Amino acid sequence: MRNQAFSMVAAGVIGLFAFGTGASAFDMEQTVEATVPPAYPFRILDAYPGMTFAEMQAAMAMKELELAETSGTLTLRSTSGAAISVEMPVSYATVGFETPMHHQGSTDAHYVLGDLTTPASGSVVVTITRTMHFPPAEATPYGALLAQLTELYDAPSYADGSTAIWRLDPEGNRLGDVSCSAQVNHAFQYLQPDNRDMDSACGAEFIMTHWTSQTGNGAVTKITFTLIDHALLRQDAIAASEQLDAGTTATHEASDMDL
């Protein structure tokens, strides 16, 4: 398990997620139950959002892909001076994976990575990305992959010759060419109270990309499948943000500092 500190800015009421010191440890409780298995049909190597990390590890081990988890320490400091610190799993990746740029020249890379929810949703899988690199002559053509996926999931919401996207609303109805990915960051992001009752058009999204690029080692074809549970991301962000609000409402006695 890798560890990291991480920070985010949440303007206004809450203030700053930072690498602060002197913060009180805060235990986040699970208040959201992910639907397992999810109602939508999308899968990547038989894996899906809602799985625990251990279940995800077992699923990928069947494909000889070993996963490691990354944890993080989140420190939240409110404008009132209260500070709390939460330790939580954050993401996972194939052992040995560095960054996509690190593997860009490889013609045989194969890795899986993704994000986990906060403890408010049980620290379960919420996004999955699988990437494979091939010599161009050995890669399955885009058209053949599109035909295979269309048999599984019907026609895509969008396709342009290198990318195909399937989008469903929270009730499982097919969406057209609307924007989903920008609505919620994959990693946890604090939501201001005014943003917690906004309706989200997207429930789940499956993306296939297929492109060939020139690298220092020659041409490489890269095929990527990504599965994002937008509904679970948003439910988790709301539940975690509400708990963080409660954790920073502690009252303080006035100090006696010489001012």
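These legends describe a predicted model of a protein chain, in an overview and several close-ups.

Local features need pLDDT of at least 70, side-chain atom pairs count only at pLDDT 80 or more, and totals for chains, interfaces and linings use all residues. Residues are numbered from 1 along each chain as its sequence is written, and side-chain values use heavy atoms, with hydrogens and water left out.

**Overview. The protein chain holds three helices and twelve strands.** Helices (H or I, at least four residues) and strands (E, at least two) are DSSP runs, numbered from the N terminus. The chain has 259 residues, and 49% of them are buried. Buried means under 20% relative accessible area, exposed over 50%, and partly exposed in between (1.4 Å probe, protein chains only). Contact means heavy atoms within 4.5 Å. Among contacts between residues at least 6 apart in sequence, 65% join residues at least 24 apart.

**Close-up 1. Helix α2 spans residues 142-153.** Its twelve residues reach 16 Å from the first C-alpha to the last, close to the 16 Å expected at 1.5 Å a residue. That expected span is 1.5 Å times one less than the number of residues. Which residues of α2 are buried? They are Y142, L145, L146, L149 and Y153. These cover an arc of only 100° around the axis, which puts them on the same side of α2. The arc is that of the directions from the helix axis to the C-beta atoms. Their cover includes β9 (158-159), β10 (163-168), β11 (204-215) and β12 (218-229). Just after α2, D154 takes a positive phi of about 70°.

**Close-up 2. An aromatic cluster takes in Y153 of α2.** Ring pairs link Y153 with Y40, F42, W166, F206 and F225. Rings of Phe, Tyr and Trp (its six-membered ring) pair if their centres lie within 6.5 Å. By this rule the count comes to eight aromatic pairs.

**Close-up 3. Strand β6 (residues 83-94) is largely enclosed by the rest of the structure.** Ten of its twelve residues are buried. Two strands pair if DSSP finds at least two bridges between them. Strand β5 (residues 67-77) runs antiparallel to β6, with eleven bridges joining them. T70 has S91 of β6 as its bridge partner.

**Close-up 4. β6 also pairs with β4 and with β7.** Strand β4 (residues 24-25) pairs with β6 in the parallel sense over two bridges. Here A25 meets S85 as its bridge partner. Strand β7 (residues 110-115) pairs with β6 in the antiparallel sense over three bridges. In β7, D115 is the bridge partner of S91.

Conventions. Phe/Tyr/Trp six-rings, centres within 6.5 Å; stacked < 30°, edge-to-face > 60°.
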